[in-house]
Amino acid sequence: MFIGPDDHERPNPFYTMDEHESPDLTEDEKRLFADLMPEDLNEILDTGVNRRHFLKLMTLAGGGILAAQSAVAEQLIARPLSETIPTELVPASIENGVNVSLKVNGTARKLAVDSRMTLLDTLRERLDLTGSKKGCDHGQCGACTVIVNGHRVLSCLTLAASCEGKTVQTIEGLAQGSQLHPMQESFLKHDGFQCGFCTPGQICSAVALLDEAKKGHASYVTENVRQSAGPAKLSNEEIRERMSGNICRCGAYPNIVAAIQEVHSGKPVEQVFRSV
Amino acid sequence: MRPFTYTRAKDATSASKLLTGNPNAKFLAGGTNLLDLMKEDVERPSTLIDISELGLSDIKTISSGTNKGGISIGGLGKNTDAANHPLIRQNYPLLTQAILAGASGQIRNMATNGGNLLQRTRCPYFYEVAMPCNKREPGTGCGAKEGINRMHAIFGWSEKCVAVYPSDMAIALAALDAVVNVRNASGQERSISMADFHRLPGDQPEKDTILTHGELITSIELPRNNFADKSYYVKVRDRASYAFALVSVAAALETSGNKIVQARIAMGGVAHKPWRALKAEQLLVGKEATEANFKLAASAEMADAKPLEHNAFKVELGNRSIVLALQMAMNGGKA
Ligand SMILES: Cc1cc2nc3c(=O)[nH]c(=O)nc-3n(C[C@H](O)[C@H](O)[C@H](O)COP(=O)(O)OP(=O)(O)OC[C@H]3O[C@@H](n4cnc5c(N)ncnc54)[C@H](O)[C@@H]3O)c2cc1C
Ligand code: FES
Ligand code: FES
């Protein structure tokens with residue numbers, strides 16, 4: 001799950017607690033606190049700060065990042081989301097609510113969102129579609145790429161409010177039942193990932209890219225943009241340029257290009273790890 | 001992000017009216033610049049007027065007026081569609097190349113032509129609210145002038161601001177003598193040439209353009225020209241793709257035999273607005289299209305550059321990029 005720097009007003013699973021849960025810190029949480037802020041631990045225990053408070057503090061302090069450095073925190077945070085939040089979670093407060101109806105992976109959805117809510121946060125936090133990833137939240141990495149009305153876009157720079165009547169396809173919607181999309185198959189065959197964080201964005205981007213090529217779209221490396229004759233046949237250089245909006249921190253690029261080339265050309269491409 | 005109200009505009013005039021009535025309201029088009037800046041707390045609109053569904057996206061041949069026979073592209077059309085439209089690819093390949101040199105496939109699918117022109121500087125001091133910046137907060141000073149200014153201006157900067165304007169598309173539009181059509185809340189229209197649309201920083205770096213609050217970019221007009229056979233967009237950046245320009249050059253030539261009849265050169269990454277290299281252009285007219293003449297023209301232009309502490313490299317880079325762009329243009333503009 002994503003535990004990067006966060007919008008502090010975003011509804012956060014760690015705020016949410018069941019009524020019957022103990023208001024005191026668990027032993028694990030005490031240890032986590034000792035890990036992160038040893039000097040404050042005694043005061044916290046003395047003044048009886050309750051768990052809700054602690055968890056809120058953790059979140060506000062950018063605890064996501066801090067906590068990620070702690071082994072204890074990892075266990076805590078790695079608890080499945082479903083334990084803590086109901087699926088169609090309605091956040092406690094919506095400011096400047098906007099009603100939107102949109103279609104996500106074929107299903108019509110109607111929801112009231114805070115005007116500030118991005119499509120990415122809506123997918124992840126409201127619709128429980130956590131495939132799309134929040135890498136940078138500023139349009140710089142492509143991890144949040146989804147396909148809206150047939151075009152690849154960045155869901156982190158799209159307001160949910162602006163998606164009225166639109167059709168959204170995410171990584172979760174590419175497979176037909178248990179039949180993977182050819183691009184997913186090809187990423188598997190070519191090992192087009194390492195940690196996998198960028199992969200949903202890479203695959204959505206690649207799927208839409210092939211449509212763009214079919215329509216004959218040009219790129220900055222297209223030799224002669226004045227020649228717009230039918231579907232474009234993409235060299236590996238073309239694929240690299242057209243995929244440059246998807247950053248892979250693990251550097252799986254050669255494998256990603258091979259995976260896309262195989263689907264694009266319709267012919268088997270040798271796996272990079274076999275050819276070296 | 002700070003709270004704001006969101007309204008979907010019904011038509012262009014009512015959108016402008018909504019904006020005019022509220023000094024803190026902003027239009028939302030593709031959102032790729034505005035939302036980013038709102039997340040950074042640089043932009044703090046109280047209201048967003050969503051204009052993205054208003055249409056105004058046609059690309060068509062202009063049938064009357066001064067630019068008759070030229071092509072008009074809708075202010076709310078997407079960058080991807082402008083770049084790939086057959087009329088643009090065939091007649092203004094320079095514009096296609098410049099748009100495709102910018103951002104990424106995803107961003108170009110979202111970015112609108114009007115929004116692209118109005119994107120704000122990527123100066124890190126502008127982006128970081130803890131730093132001084134006269135553009136973001138007039139009167140706080142310029143952090144970049146004596147700070148880290150590798151990416152900054154070498155032409156036309158002022159004591160108040162050394163930021164550069166980031167758009168690639170606009171550099172080609174400047175070279176192509178494009179005209180920006182805008183409409184205000186009372187329905188009045190005006191046409192602004194690309195040369196006048198963006199400003200140098202002077203004493204008011206907070207103003208990027210001469211647009212007034214409430215004016216909506218409805219279309220951009222490209223006059224007819226004879227540059228389609230010989231034009232090229234060079235973009236030099238820190239990585240091969242998906243990065244802003246250190247220096248870019250849009251060059252277009254019209255020749256008769258090997259003699260230059262007309263030349264257009266605009267530079268990106270060097271000033272607060274698209275920088276027309278007028279000196280170089282004038283030197284080229286009537287001359288043979290040779291490397292020696294390209295070099296003379298380039299160095300005449302770059303001789304006026306006033307680099308800052310960290311960006312003197314842009315002068316030589318500009319020199320070479322102008323020459324390269326002209327050579328590529330002579331070569332038929334092929335990548
Ligand atoms: C990671 C990243 C990399 C990028 N790289 C490049 C690059 O290399 N080269 C490049 O050129 N660009 C680059 N961009 C910038 C991108 O091109 C712009 O963000 C985009 O063009 C802005 O268009 P938009 O429709 O999304 O504008 P918005 O963000 O919606 O609006 C921008 C501004 O224009 C105003 N506005 C929008 N439309 C109109 C209109 N019709 N009339 C009046 N006002 C209007 C808005 O109120 C706002 O103030 C990059 C962006 C990102 C996020
Ligand atoms: S999360 Fe959207 S581009 Fe990085
Ligand atoms: S697989 Fe790790 S970021 Fe791409």
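Helices (H or I, at least four residues) and strands (E, at least two) are DSSP runs, numbered from the N terminus. This is a predicted model, in which local features need pLDDT of at least 70 and side-chain atom pairs count only at pLDDT 80 or more, while totals for chains, interfaces and linings use all residues. Residues are numbered from 1 along each chain as its sequence is written, chains are lettered from A and ligands numbered from 1 in the order in which they are written, and side-chain values use heavy atoms, with hydrogens and water left out.

Q: Which elements of chain B each supply at least two residues of the shell around ligand 1?
A: They are strand E2 (25–28), helix H7 (113–117) and strand E8 (216–222).

Q: What makes a residue part of the surroundings of ligand 1, and how many residues surround it?
A: A residue is near a molecule if one of its heavy atoms lies within 4 Å of it. Ligand 1 is surrounded by 33 residues, and the closest are Phe27(B), Gly31(B), Thr32(B), Thr112(B) and Asp168(B).

Q: Why is the site of ligand 1 called shared between chains?
A: Residues from chains A and B surround ligand 1, so the site is shared between chains.

Q: How do you know that the length of helix H13 of chain B agrees with its number of residues?
A: The expected span is 1.5 Å times one less than the number of residues. For the 18 residues of helix H13 (residues 313–330) this gives 26 Å, and the end C-alpha atoms are 26 Å apart, which agrees.

Q: Why are residues such as Lys314(B) and Val315(B) called buried?
A: Buried means under 20% relative accessible area, exposed over 50%, and partly exposed in between (1.4 Å probe, protein chains only). Lys314(B) and Val315(B) are among the residues of H13(B) that are buried, so each has under 20% relative accessible area.

Q: How much of chain A counts as buried?
A: Of its 276 residues, 47% count as buried. Chain A has 12 helices and five strands.
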